[in-house]
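Dear colleague,

My notes on what was found in it follow directly after.

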Amino acid sequence: MAQLPILVAPDPRLAKKSLPVAEVDGEIRQLMDDMLETMYAAPGIGLAAPQVGVLKRVIVLDLAGDDEAPSPFKMANPEIIWVSDDDAEYNEGCLSVPEHYADVVRPASCVVRYLDENNVQREITAEGLLSTCVQHEIDHLDGVLFIDHLTSLKRNIILRKLVKAKKAGAGGVPA
Ligand code: NI
């Protein structure tokens, strides 16, 4: 397993649409494991392949708390096939939008169809934080960040700060 560098917005690769995988083979399984290792180290609760520069429809999630056993989801070609009428609002963050958080409204629950790490098709009903997180990660596969759900005013404030932070980093200022 290997940790992969995480892209930070603004980055054109984060705005691209990712391609479906033909099947979950050894290469995709390795990608899933590397993404999980990267996510745990960050630490985060979800990661999508484009965040590590791989434009494939692969996401990983793990909502287990610090004192709980890991319970990772590894998903290829995840598709939302049903959403609830009722919405939920969560204060979202993203490893590609470091240190910024904002409230985003999404369907409160959803059903997701995906291929697991053994190339077996599965469906799960996601509620609560899992519903929010899986929708956030699938957004990444379509080039959408949580800040794209905000008003352009709020989004631009965050993007300007990210550009400034990148410039500071490039100048050799330790962070
Ligand atoms: Ni994210």
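Helix 2 gives the largest share of the lining of the largest pocket, namely 5 residues. Please bear in mind throughout that the model is a predicted one.

The pocket

The volume of this largest pocket is about 360 Å³. Its lining consists of 21 residues, and those nearest the centre are Ile-45, Glu-92, Gly-93, Cys-94 and Tyr-101. Two elements, strand 4 (87–92) and helix 2, each contribute two or more residues to the lining. Sorted by class, the lining residues are 10 nonpolar, 8 polar and 3 charged.

The nickel site

Which residues coordinate the nickel ion? The donors are Cys-94 through SG, and His-136 and His-140, each through NE2, at 2.1 to 2.3 Å. Along the sequence, these donor residues follow the spacing C-x41-H-x3-H. Cys-94 belongs to the loop between strand 4 and strand 5 (102–107), while His-136 belongs to helix 2, so this pair ties together parts that lie 42 residues apart in sequence.

In what order do the strands of the open sheet lie? The sheet has 5 strands in the order 1-2-3-6-7, and their pairing is antiparallel. Its edges are formed by strand 1 (46–48) and strand 7 (121–127), each of which pairs on one side only. On average, and with direction ignored, neighbouring strands are turned by 40 degrees against each other.

Helix 1 (residues 26–41) packs on this sheet and touches strand 1, strand 2, strand 3 (73–83) and strand 6 (109–115); the angle between its direction and that of strand 2 is about 40 degrees. Helix 2 (residues 128–141) also packs on the sheet, where it touches strand 1, strand 2, strand 3, strand 6 and strand 7. The direction of helix 2 makes about 155 degrees with that of strand 2.

The pairings can be followed strand by strand. Strand 1 and strand 2 (residues 58–61) are antiparallel and share 3 bridges; here Ala-48 stands opposite Ile-59 of strand 2. Strand 2 is joined to strand 3 by 4 bridges, again in the antiparallel sense, and Leu-61 has Phe-73 in strand 3 as its bridge partner. Between strand 3 and strand 6, which run antiparallel, there are 5 bridges, and Ala-76 faces Leu-115 in strand 6.

Backbone details

Two cis peptide bonds deserve attention when you inspect the model. One runs from Ala-9 to Pro-10, with omega near -5 degrees, and Pro-10 is placed in the segment before helix 1. Another runs from Ala-42 to Pro-43, with omega near -10 degrees; Pro-43 sits in the loop between helix 1 and strand 1.

Positive phi values in residues other than glycine also occur. Asn-77, in strand 3, has phi near 50 degrees. Glu-99, in the loop between strand 4 and strand 5, has phi near 70 degrees.

With kind regards

How values were computed
Residues numbered from 1 in each chain as written. Predicted model: local features only at pLDDT ≥ 70, side-chain atom pairs only at ≥ 80, totals over all residues. Heavy atoms only, no water. Pairing = 2+ DSSP bridges. Axes fitted to C-alpha atoms, helices over the stretch in contact; angles between N-to-C directions. Contact = heavy atoms within 4.5 Å. 1 Å grid on protein atoms, 1.4 Å probe; cavity = no way out; pocket = protein on both sides within 12 Å on 5 of 7 lines; lining within 4 Å. Points joined across faces, edges and corners; volume = space filled by probe spheres on them. Nonpolar A, V, L, I, M, F, W, Y, C, P; charged D, E, K, R; others polar. Donors = N, O, S within 2.8 Å, 3.2 Å for Na, K, Ca; no water.
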